[in-house]
Structures are given as C-alpha cells and as structure tokens.
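Q: Hi, could we go through this structure together? I'd like to start with the surface and then move on to the ligand.

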Amino acid sequence: MKDILNCSLLPYNTFGIDVCADRFIEYSSEEELLQILPQIAQCRYLHIGGGSNLLFTGHFNGIILHSAIKGIEVVDDTTDYRFIRVGAAEVWDDVVAYCVANGFSGLENLSLIPGEVGASAVQNIGAYGVEVKDVIQKVETIDLTTGEQRMFTVGECRYGYRQSIFKQELKDRYAVTYVTYRLNKVFTPHLDYGNIRQELADKDVVTPSMVRDAIIRIRQSKLPDPKVQGNAGSFFKNPVVGREVFEKLHPLYPSMPYYELEDGVKIPAGWLIDQCGWKGKNMGRAGVNPLQALVLVNLGGATGEDVLQLCNTICEDVFQKFGIRIEPEVNII
Ligand code: EPU
C-alpha cells in the first residue's frame, strides 16, 4: 500500500495541474481497500483512476484514493464469446491491445483512450460508434461506506452517454474493483463513424488490428498526447437539444453537423466552439486545441483556475451565439 502525506498530484492528472492533496492512498487488493475504509469514513475523499478526466482547481483537502488492482484473467469461454475479468487499475489501452493481439474483438474502436479500467466503467467511455457498455458484462465494486462487495450487471449500471449510476445516485459510494468484458470471437467491424471506412479503403479484408491501427492514426492526427501537452480529452459533452431548438438553428447554420437521437438532436460541442472562433486560441496559459476545439489544453504551467476561466468564457460565448448551454465532461474538483 502507498500512503503519502502532502502528495503532489502532478503525476495523477493528465492536465498537468500542479497541486497537492493532504494524503494519497493507493491500495493493491480488495483486502487493502477494506483496511483503509475506517480512515476515509471521517473525511473528504476522491477516488481517481488514470486522472484523464479531471481538473483540479486547487489543493485537495482530503484523501485521494487510487487503485493498483491489476490483472487480466479469462473467466469464461463459449463458442461465440470470451469473457475476461480485469483489475480496475489496468491501463485501458493495454487491455484493448491485449484483446486485439489475442484475436478477440469488441474494444478496438476504443483504442488509445487514456485512463484506467475502473474509470472506463464509471464514465462509459465511448468513441467511433462504440461505448464500453456494449462490451461490459458486469462490474464488481466495494461499498466505501460499509465495505460490502456488490456486483452490478450492465443493466444495473444504467449506462447512458458518458453516464452511469456511479456518476449519479451512487456517486462516490462504490469503488470499482474488477470489470468483466464479453469479447467476440467472430469479428463484426464498426466502420460507420467518421472517416474509419475511408482510412481502411485500400484493405480487402479488415481485422480488429487494422481497425485499432486506423483509430490510433485518426486520434493521433487531431487529439494532443497528454504526455506532451496536458489535456483531458473532450473537455465538454456534446449537447442534446430539443427538436424545436434544432429546427430553428438548422436553417441558420445548414453546415452544422448533428446526430438524431430518440430524445432530441446531438450537436458537436467542438463545432459550436469552433464557430465561436475559439479553435487554436488561448486565455493565458490555457488554450483550445487547434485541431479539435472540444479539447482544452495546458500550454505550460496553467492552473486549474486558468482552465476553468477559459471553460466558462467559452460556455458563455456558445450560449450567446447559439442559445445552447454546453457543459464540461471533465470532473472539476
Ligand atoms: N468539429 C468541428 N470543429 C472542431 C471539432 C469538431 O467542426 O473543432 C466537427 C467535426 O468536423 C465533426 C463533428 O464536429 O463534423 C464531430 O467531431 P468529431 O467526430 O471529432 O467528434 P466529437 O463529437 O467532437 C466525440 C467524443 C470523442 C470521440 C469522438 C469520436 C464527446 C464529448 N467526444 O467527439 O471523445 O473520440 O467523438 O468518436 O462525445 C473524449 O471523450 O475524450 C473524446 C475524445
């Protein structure tokens, strides 16, 4: 177990914000987590994953918890599927790489998403037409208030767009320990989103490995590498507007991209921000990525407050121009 007082959080947030926490505890097993529950019972705590969806705006008065539960284990094998149980602290993209290397499909469209397995199940990560909920079978957790183990089926996780029960009613109550995924033995490629098909146009046969490589190329062409420039991927969620709002906007902006949903129309926040002229611009040390306006970046030495100020100014500009309220996807602490 790691237990550090006045710990720098710089290695634990991909935005590269230089703040500390009163205490940082990292546990490597369910037993170790149970041992520390009495200590977190009385104080403020935050359970983090890879820190790729967080913005710290100041010193964290409390305990930061981090899992170091590792391991990938095959737990069931049927004619069509292979089920793997993965520790919450495994790096997400290592799991995708493992599956692709072993010929199991389902995760390849989610290649190169930063972060860890536990957080992927809380956040319902998604990209290029696939969400992790499509592949999750169950999520094992420990109740941080009672120490009881609880298993959630995928239905019980109540997944939605970047949403789950762990971000709503049960926020901060459960720590994810293991996630079980159902992988396909027969490959059905998902190529309809964006320019994946175009990337693979010269291939006669498509394999999971080719899809993974194509997704990696697409992501690297427009998303900054957090190891090089601090960022947390999409900073904002794509807003869903009512049909009547869309019907008014569409004639004014015929080139506006949109996706029809059952409950409204989803408009890309990146496009809205881009139309407000923010792409490649900055406010002090916080900036907007020049290739994808949805991503805010740390230009070097930015504070969380710098990024938050930029975020608020952008939200206000988008509201003034389009009458649409966009919201951060990133967890602001
Ligand atoms: N667009 C612009 N200008 C921009 C950015 C986007 O005009 O600066 C337009 C694009 O041309 C495109 C549309 O907006 O027509 C959508 O853009 P894109 O396909 O890049 O995807 P997105 O909706 O902006 C979402 C996810 C990403 C994910 C991609 C691909 C959210 C908030 N973001 O972005 O997720 O990689 O789709 O599936 O849902 C993340 O969560 O960190 C993330 C990167």
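Q: Which residues make the nonpolar surface patch?
A: Y193, V240, Y259 and L261 make a patch of about 320 Å². Patch members have over 30% relative accessible area and no salt bridge (a Lys or Arg side-chain nitrogen within 4 Å of an Asp or Glu carboxyl oxygen), and nonpolar side chains are joined within 5 Å. Areas are Shrake-Rupley values with a 1.4 Å probe. Bear in mind that this is a predicted model, where local features need pLDDT of at least 70, side-chain atom pairs need 80 or more, and totals for chains, interfaces and linings use all residues. Numbering runs from 1 along each chain, and side-chain values use heavy atoms, without hydrogens and water.

Q: Where is L261 found?
A: L261 sits in strand 15, residues 259–261 (strands are DSSP E runs of at least two residues, helices H or I runs of at least four).

Q: Why does L261 count as partly exposed?
A: Because its relative accessibility is 32%, and partly exposed lies between buried, under 20%, and exposed, over 50%.

Q: What does D274 reach with its polar side-chain atom?
A: A nitrogen atom of the ligand, at 2.8 Å (polar contacts are N or O pairs within 3.5 Å). For Q292, a side-chain N or O atom is 2.9 Å from a ligand oxygen.

Q: How much of the ligand does the protein bury?
A: 81% of the 830 Å² that the ligand exposes when taken alone.

Key. A polar contact is a pair of N or O atoms within 3.5 Å; within protein, one must be able to donate a hydrogen and the other to accept it, and residues adjacent in sequence count only if both atoms are side-chain atoms. Patches are made of residues with over 30% relative accessible area and no salt bridge: like charges are joined within 9 Å, nonpolar side chains (Val, Leu, Ile, Met, Phe, Trp, Tyr) within 5 Å. Buried means under 20% relative accessible area, exposed over 50%, partly exposed in between (1.4 Å probe, protein chains only).
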